[in-house]
Amino acid sequence: MRISIVEDEKSLADIIKKGLEEEGYVVDVAYNGEDGLFMAENEPSDLIILDIMLPIIDGMTILKRIRKAGVKTPVLMLTAKDTIMDKVSGLDSGADDYLTKPFLFDELLARIRALLRRNSDVKTSIIEIGDLIVDMATHEVKRGGKNISLSAKEYALVEYMALNKNKVLSRTSLTEHLYDQDFDLDSNVIDVFINRIRNKIDRGFYTKLIYTVRGAGYMLRG
Amino acid sequence: MLSSIKAKIITFYIAILFVILSVLGVLLYLSLSKIVYDAVDSGLLSRAKSLATLVDSDNSKTEFEFSDEIMWEYNSPKPKSFFQIRRLDGFTLEKSASLKDSELPFSGKEPRTYFKTILLNGTPTRLVNFHAPDEIENMSKNSGNGLIIQCAENIQNQLNLLKRYRLILSLSILSIMLISASGGFIISRKALAPVKDISDTVDKISEANLSERINVENVSKELQTLASSFNRTFDSLERSFNRQRQFAADASHELRTPLSVIMSQSEIVLRKERSLEEYKNALTAVMEAARMMSKIVRKLLTIARLGADKVDLKIENINLSGIIRESVNLLRPLAEQKGISINILATEPLVICGDRAALLELFTNLIDNAIKYNVPQGKTNISIKKETGFIVAEIKDTGIGIPEEDLDKVLDRFYQVDKSRSKESGGTGLGLSICNEIAKLHGGRIEIKSKLGEGTIVTIYLKGNGSEAK
């Protein structure tokens, strides 16, 4: 899953990026409003964490601009402004959630998970595909009651496919959601990862869960 | 109780009323009792006189010819009237049957016609001593003797009347006072009602609706001054309250970001085992955030202190050129680092009254800005001159300038033109706001003119002879 952070306090943006990356997310950061707006409009992302008081273009303007441009990515406002009026105007301008500083990182993670679920059919942090269980809160993956050990990247791929279960996901879309903007999209690294998770998830089971759709991409289906 | 105006008014009023009514009552009583006694006395006297006419005197012998009709009065079973006739030496010649065994008192020293109230067998009785009248004057001369006719009358009824009158008077005075007191209470309450209105309004004004005021037009004329001074007090209360609230909001807002850094750093780093390097980095970031917080807190406290109405300023005569030179010397190393030249144009020593530390803070802050936001190898010119009523200092730099739309906001607390840039230089957005407060405390102001990319001119106006500096 790919998350964009727009936050002008560099040390805060960097530590959130580090924390999210350790949770298996792919993170892009913009340190001012102008870069943030460009990023939000042009980079594919599953979630945007947006500060309000930003140099050059403020967060509220960015939010209104991208919503007007039809970007539907969930936006979580992360800001020092804590009055009810600020929250109301933030949510009314198209934000999906509002978290005030200072915050607990665990709460931020929980809210991110909730927002990421919102766009899929999944409503809890546990996704079931056949006998495959993906727990997004603990990052545990089980099949037939047995734990499957995955690397962070592998987990991120499984989670993304699980959230979009029964949908065909193109290589490009998978790459975009698993790698940040500096990654070379032409690489066939996704095929390598698909092979790895296929080995861990499908090997030894009669029912296959990971499908290859020729010319279109991959799909996780129960 | 006496502390209330109402009680004071009523007490005072009742006391006056009591004195007046008491005097009046005493006078009324005295005049009535005089009338009563006069009536009794004249009756007694005329009776004594009529007795005297009945005395038939014959040279050496005195005889009394009293008819039964007359005597009846003195002999009735429940006698009210008495008489006794004595010689001048006090010897009793005759007395009324009503006296029985008792005698009317006589000492012989009484004046010729004499009235007295005595107790006869326990009943109050009025007595008159009457010396034998003129008709028998001759006889008296002859005999060398006169007669003293004593007449007395029971005055129990009259005394009862007076007693009742006294009671009625006291009761009337008491009831008049009670009625007046309640009247006074009502009047004073009515008179003080507008005061109550004002106090009710004042009571209603609290933290939540500090902007409410007493409607001066609805208040009676006498109390308008009170109402408007209340309103003025609330105005200044509201101002200082808002300042405090703004301060608290600013402080909490500005402290949130560094606090988030500290919290996230610690929380994320503690999620799992880290290398020594990572711990070091995290602690450094935490320390920097904490340092930023302490800087903000310190500056906020400076502002709070400057904004308070009573500032602990040490006012003395200060040579402004001296202050500027001192500030420049403090900042010289920073300027040299950026290769910025500072010129001071101060032709004459200009003295103002002010606080040395505050003025030093003002000029260090402004000159620091002129260096920090200057281009490398730039220039900073400082000049001072005298204008009517003011000493005007001007700090001109060849720096990056301030965008026009930000010009009127730079003096606000926490306003930063370029946040990321001022963060790097350790700015809190409070410096100019502090300078503005200091200038205001010295009866002056700060004006800022700027052109983007060309430079900024900061003009500081300080009250000239300074004596009016607060």
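Two strands are said to pair if DSSP finds at least two bridges between them; helices (H or I, at least four residues) and strands (E, at least two) are themselves DSSP runs, numbered from the N terminus. By this rule, strand 7 (residues 132–135) of chain A and strand 8 (residues 140–143) of chain A pair in the antiparallel sense over 4 bridges. The model is predicted: local features need pLDDT of at least 70, side-chain atom pairs count only at pLDDT 80 or more, and totals for chains, interfaces and linings use all residues. Residues are numbered from 1 along each chain as its sequence is written, while chains are lettered from A and ligands numbered from 1 in the order in which they are written.

The two strands belong to an open sheet of 4 strands in chain A, with the order 6-7-8-9 and antiparallel pairing. Strand 6 (126–129) and strand 9 (146–148) of chain A each have a single partner strand, so one side of each is left without a neighbour in the sheet.

Elsewhere in chain A, the axes of helix 6 (residues 152–163) and helix 8 (residues 189–201) come within 10 Å and cross at roughly 85°. Axes here are lines fitted to C-alpha atoms, for helices over the stretch in contact, and angles run from 0 to 180 degrees between N-to-C directions. The two helices of chain A are therefore roughly perpendicular (65 to 115 degrees) to each other. Residues are in contact if their C-beta atoms, placed from the backbone, lie within 7 Å. Helix 6 of chain A contributes A:Lys153, A:Glu154, A:Leu157 and A:Val158, and helix 8 of chain A contributes A:Phe193, A:Arg196 and A:Ile197.

How values were computed
Angles under 35 degrees count as roughly parallel, over 145 as roughly antiparallel, 65 to 115 as roughly perpendicular and the rest as oblique. Two residues are in contact if their C-beta atoms, placed from the backbone, lie within 7 Å.
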